[in-house]
Amino acid sequence: MTSRVLAVLGAFDAGHPALTLSDIARRSGLPLATTHRLVAELVTGRALARAADGRYTIGVRLWEAGLLSPLHTRLREVALPYLQELYTAVRENVHLAVRDGDEALYVEKVTGHRSVPTVSRAGGRLPLHATGVGKALLAYAPPEVVAAHLRRPLRRCTAYTVTEPGRLARELATVRERGWARTHEEMTLGSCSVAVPVRDADGAVLAAIGVVGHSLGTAPQRLVPALLTAAERIAARLAEAATLPAAGALRSTA
């Protein structure tokens, strides 16, 4: 039953925020009758909501539950003031992300009307190998995770995306040597990024923060001091508040 409920909820994503009953059945791979019963129960429990046009959306109960996640109550709430300060200083998109499997999960994004448009969004996922925060996270992942990532086919998002295993491995080694990552039009044409890791008290990488803009390619290193300062303040605030969940709940997952 749990797997079926998760399949129903998994039918929704950023590209499909509102679905008909038939859409949910098709995308979840469940029989229509089963989908109808589960969706009715989820609507009753406010996990799903039925719009006036008959389509279904994620309900307020899931939104409320999501706010209880350590990513929101610990990491995001602690980091947000420092992300806002960083945005004020650089006036470009600022991201906070964690590694979730083979993807960068974006926990927060601070932007403005003058910032370059990006495909990232809070709650969204992008490839580790094609993003600044992703490379910062992947570089410090366990060796077996890095090795497995380099063995799989890597999606080419633009003509500049690094997909060759040897070249990517060398880039990750460089990230570890200098302490920061960069991309140049690898996720989106016209956008460049620079990112640094956020570490816990033991030195383990919890997250990454990055800046994405259209004019970073010539001298991305100029933003590194501000990024490192923000990362250090976030780490210090997490330690001071003593709000890190037990058993490393904020640490990037395998």
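Predicted model: local features only at pLDDT ≥ 70, side-chain atom pairs only at ≥ 80, totals over all residues.

Student: What makes α1 roughly perpendicular to α3?

Tutor: The axes of helix α1 (residues 2-10) and helix α3 (residues 32-44) cross at roughly 80 degrees and come within 10 Å. Angles of 65 to 115 degrees count as roughly perpendicular, so α1 is given that description relative to α3.

Student: Which residues make that contact?

Tutor: Helix α1 contributes Arg4, Val5, Val8 and Leu9, while α3 contributes Thr34, Arg37, Leu38, Val39 and Leu42. By class, six residues of this contact are nonpolar, one is polar and two are charged.

Student: Why is α6 called roughly perpendicular to α8?

Tutor: Helix α6 (residues 132-139) packs against helix α8 (residues 165-178) at an angle of about 80 degrees, and their axes are 9 Å apart. That angle falls in the range of 65 to 115 degrees, and therefore the pair is described as roughly perpendicular. On the α6 side the contact is made by Lys135, Ala136, Leu138 and Ala139; on the α8 side, by Leu168, Glu171, Leu172, Val175 and Arg176. Six of the contact residues are nonpolar, none is polar and three are charged.

Student: How do you know that Arg26 forms a salt bridge with Asp23?

Tutor: The closest N and O atoms of Arg26 and Asp23 are 3.4 Å apart. The rule asks for a side-chain nitrogen of Lys or Arg within 4 Å of a carboxyl oxygen of Asp or Glu, so the pair qualifies. Arg26 and Asp23 are three residues apart in helix α2 (residues 21-28), which means about one helical turn separates them. By this rule the count is ten salt bridges.

Student: What lines the second largest pocket?

Tutor: Its lining includes Asp102, Glu103, His129, His149 and Arg152. Strand β5 (residues 125-127) gives the most to this lining, with three residues. The lining as a whole divides into five nonpolar, two polar and five charged residues. About 160 Å³ of space lies in the second largest pocket.

Notes. Residues numbered from 1 in each chain as written. Heavy atoms only, no water. Axes fitted to C-alpha atoms, helices over the stretch in contact; angles between N-to-C directions. Helix = DSSP H or I, 4+ residues; strand = E, 2+ residues; numbered from the N terminus. Parallel < 35°, antiparallel > 145°, perpendicular 65-115°, else oblique. Contact = heavy atoms within 4.5 Å. Nonpolar A, V, L, I, M, F, W, Y, C, P; charged D, E, K, R; others polar. 1 Å grid on protein atoms, 1.4 Å probe; cavity = no way out; pocket = protein on both sides within 12 Å on 5 of 7 lines; lining within 4 Å. Points joined across faces, edges and corners; volume = space filled by probe spheres on them.
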